[in-house]
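Here's a quick briefing on how two chains meet, plus a few spots worth a look inside each of them. Have the structure open as you read.

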Amino acid sequence: MYIAILGLIIGIVLGFYVPITYPTSYSLYMSVAILAALDSVFGGVRAYVQEKFETFIFITGFFGNAILAGLLAYIGDKLGVPLYYAAIFTFGGRLFQNFAILRRLMIEKIREK
Amino acid sequence: MNNKSGKWVILFFCLILGITISLELKNVKERYLYAPLKEIHDYKIVLESEKQEIKKIKEVIREMNKKILAYENIKDDDGKLKYEMLDELKNQKAMAGFSELEGPGIILTVDDSKRDLFEGEDPNNVIVHDADVLNLVNDLKVAGSEAISINGQRIINTTELICAGHSIRINNQFFAQPFVIKAIGEPKTLEASLIAPGTYGALLKEFGLYIEVNTSSHINIPAYEEGLNVKYMKVIKEGE
C-alpha cells in the first residue's frame, strides 16, 4: 500500500520533468487508459495484501486493461458512440470495489495487532 | 506468491502510472474540450482550404510584382507608358461598369403571371417583386456572370433594387414589368442557374410567373450612365 503511494508520488514528480509529449487529440484515450491502469494497480496492491499476488497476471492486466480501454474510447470515437463510458463505469466501479476490500483487509490487520 | 519481487513490481508500475498521470496533467493543463475525430477532420479541411487561399494570394502578389516591374521597365519610354495606362484604364472601366460590353450570355425576361387567381388568392403571388429580381440577379452572379443589366440599366456596386409601388427602382429610375435581364457569362451555366429544378427561377415559374431564358452569343450590355454621388469615401494610398 505504502509502496504504491510512494511509487505514484515519485512517478508524478518524475513525469513533470520528462520531456515527452503526445498530441492533445489523444488526451481522452490516455485518460481512460490511466483509469484502467489505476484500477490494475489497486487490484495488484489488494492481491499483494491478500498474499495472492502474481507478477504475470498483474503485468498483463496492467497493459491489457489500459490498451483495451484506450482502444474502446478510440473505436467509440470512430463510431460516434461514446464507448469510453463503458471503460469509465467498469474500471471506476472496480476501483472502488478494490479499495473497499483493501480497506477491510487493512483494518483487520490493524485489529489483529 | 513471491512477496519480495511483488513489492518491486508494484513500485515499478506505480512509477509508470505516475509518469503517465503527470504527462496527462501537463497536457490537459489548458482548457480541454472533447473533440470528436470528425470535428478534427473538418478543421483539417478548413485548414487545407486556408492554405490554398494563401497560396493563391501569394500568386497574386507575385503577378502584381511582375506588373510593377513591367511598369518600371517602360517608365522611361513616355509613349509606351501612356499606351499601357490607357489599356489599364479600359480594363478598370469595364470592370466598374462604365463601358459598354459585349459577349456571350443570356437574356432573361420576367413578367407578371397571366393566369387567373384562385378564389381568395393573394394577388401578390403572381406579381414580380423586387426581391424576386434581386434573387435572380444573385443567382446569375453565383453562376459566374461578369456583367448584368436590367432593362438597360447596368448593375454596378451601388445599384439598388427596391420596390416602388407596382414598379422597381433601379439606379434611381423606375421600371415596370416586364424586366429584361441581360447577363454576360457562360450561357449554359447561366441558363441552368435560372431554370434548373430547385433554383429560384424554377420556383417562380411554378408559381405561374412568366419566365423566359434565351441564350445568345452576342449580348450587348450598356454602360452605367447615372452620376455617382461620392461624399464619404476617400482613397487610402496603396503600398508602401
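Polar contacts first: chain B and chain A have 2 residue pairs in polar contact, both at pLDDT 80 or more. Salt bridges between chain B and chain A come to 0. Keep in mind that this is a predicted model.

**The interface between chain B and chain A**

- On the chain B side, 31 residues are in contact with 40 residues of chain A.
- About 3300 Å² is buried between the two chains, and carbon and sulfur atoms give 73% of that area.
- Looking at who contributes on chain B, the trio B:I10, B:F13 and B:L17 supplies 18% of the area that chain B buries against chain A, more than any other three residues.
- Two elements of chain B, α1 (3-28) and α2 (37-74), are the ones that give two or more residues to the side touching chain A.
- Of these, α1(B) has the largest share, with 23 residues.
- Sorted by class, the side of chain B that touches chain A is made of 20 nonpolar, 8 polar and 3 charged residues.

**A buried aspartate in chain B**

- B:D132 sits in helix α4 (residues 130-142) of chain B.
- Is B:D132 buried or exposed? Its relative accessibility is 7%, so B:D132 counts as buried, the cut-off being under 20%.
- Once neighbours within four places in sequence are set aside, B:D132 is in contact with B:I127, B:Y200, B:L204 and B:L209.

**Helix α5 of chain B**

- Helix α5 (residues 187-195) of chain B has B:P187, B:L190, B:S193 and B:L194 as its buried residues.
- Why do these residues count as being on the same side of α5(B)? Because they cover an arc of only 135° around the axis.

**An arginine in chain A**

- Over in chain A, A:R103 is found in helix α4 (residues 84-112).
- A:R103 has a relative accessible area of 40%, so it counts as partly exposed.
- Along the chain, A:R103 and A:R46 are 57 residues apart, while their C-alpha atoms are separated by 9.1 Å.

Conventions
Residues numbered from 1 in each chain as written. Chains lettered and ligands numbered in written order. Predicted model: local features only at pLDDT ≥ 70, side-chain atom pairs only at ≥ 80, totals over all residues. Heavy atoms only, no water. Contact = heavy atoms within 4.5 Å. Buried area = accessible area lost by both parts, 1.4 Å probe. Salt bridge = Lys/Arg side-chain N within 4 Å of Asp/Glu carboxyl O. Polar contact = N/O pair within 3.5 Å; in protein donor to acceptor, adjacent residues only side chain to side chain. Helix = DSSP H or I, 4+ residues; strand = E, 2+ residues; numbered from the N terminus. Nonpolar A, V, L, I, M, F, W, Y, C, P; charged D, E, K, R; others polar. Buried < 20%, exposed > 50% of the residue type's maximum accessible area, 1.4 Å probe, protein only. Arc of directions from axis to C-beta.
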